[in-house]
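Subject: Structure handover

Hi,

Here is the structure for you to look at. Please open it alongside this email; my notes follow below.

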Amino acid sequence: YGKMIELMPFENRIAVMEVTGLTLDSLFNHMAAKGGWHVSGATYKIKNGKAVDVTIQGQPLQSRGVYTMAVSSYLAQGGDNCTMLQGIPYTDTKKTLRDALIEGVKEMTAKGEHIKSVLDGRVQTVKE
């Protein structure tokens with residue numbers, strides 16, 4: 001438990017929001033410009049500091065699509081310069097990211113499962 005607090009010292013909560021594909025494209029480009037952030041359910045490549053070949057659940061990102069995503073309350077409020085998310089309504093789940101991680105570890109441990117780190121290529125940097 002102490003290590004989880006060290007890993008996740010902030011009280012950021014899980015926020016659920018609906019965003020357009022255009023907003024997501026802007027977010028992915030922001031993440032790419034920062035060197036790439038890993039996300040669940042998506043893959044993308046970074047080329048010349050921009051996000052390319054973005055897929056969501058295995059499907060190409062649709063600029064006119066509407067997507068439901070879970071992010072930290074910090075990012076949902078525009079933190080880390082995620083200004084494209086500012087002002088978009090979101091549902092505050094009232095659960096911290098830390099508590100969700102702790103619950104997940106407890107569930108895995110109860111099943112006798114171990115946490116494994118796997119490099120799965122969700123984010124790749126491509127050279128020209």
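Leaving aside its neighbours within four places in sequence, which residues is L85 in contact with? They are M17, V19, T23, L27, M69, L75 and A76. Contact here means heavy atoms within 4.5 Å.

Before the rest, some ground rules. This is a predicted model, in which local features need pLDDT of at least 70 and side-chain atom pairs count only at pLDDT 80 or more, while totals for chains, interfaces and linings use all residues. Residues are numbered from 1 along each chain as its sequence is written, and side-chain values use heavy atoms, with hydrogens and water left out.

The core

L85 also belongs to the largest nonpolar core, which has 26 residues. L24, F28, Y44 and L85 have the most contacts inside this core. A nonpolar core is a set of buried Ala, Val, Leu, Ile, Met, Phe, Trp, Tyr and Cys residues joined through side-chain atoms within 4.5 Å. Buried means under 20% relative accessible area, exposed over 50%, and partly exposed in between (1.4 Å probe, protein chains only).

Two or more residues come from each of β1 (13-20), α2 (21-33), β2 (42-47), β3 (50-56), β5 (66-72) and α3 (73-76). Helix α2 gives the most, with 5 residues. Helices (H or I, at least four residues) and strands (E, at least two) are DSSP runs, numbered from the N terminus.

The sheet

An open sheet is formed by 3 strands in the order β5-β1-β6, with antiparallel pairing. β5 and β6 (90-96) stand at the edges with a single partner strand each, so one side of each has no neighbour in the sheet. Neighbouring strands are turned by 25 degrees against each other on average, direction ignored. Two strands pair if DSSP finds at least two bridges between them. β1 and β6 pair over 4 bridges. A15 has D92 in β6 as its bridge partner.

Two helices pack on this sheet. α2 touches β1 and β5, and its direction makes about 120 degrees with that of β1. α4 (residues 97-110) touches β1, β5 and β6, at about 55 degrees to the direction of β6. For these angles, axes are lines fitted to C-alpha atoms, for helices over the stretch in contact, and angles run from 0 to 180 degrees between N-to-C directions.

Charged pairs

The structure holds 7 salt bridges. A salt bridge is a side-chain nitrogen of Lys or Arg within 4 Å of a carboxyl oxygen of Asp or Glu. Three of them are worth a look.

- R98 with E11: the closest N and O atoms are 2.5 Å apart. R98 lies in helix α4 and E11 in the loop between α1 and β1, so the pair ties together parts that are 87 residues apart in sequence. R98 is buried, at 8% relative accessible area. Its side chain also reaches the backbone oxygen of F10 at 3.4 Å.
- D92 with R13: the N to O distance is 2.6 Å. D92 is in strand β6 and R13 in strand β1, 79 residues apart. R13 is partly exposed, at 26% relative accessibility.
- E6 with K3: the closest N and O atoms are 3.9 Å apart. Both lie in helix α1 (residues 2-7), 3 residues apart, about one turn of the helix. E6 is exposed at 57%, and K3 is exposed at 63%.

Best wishes

Conventions
Polar contact = N/O pair within 3.5 Å; in protein donor to acceptor, adjacent residues only side chain to side chain.
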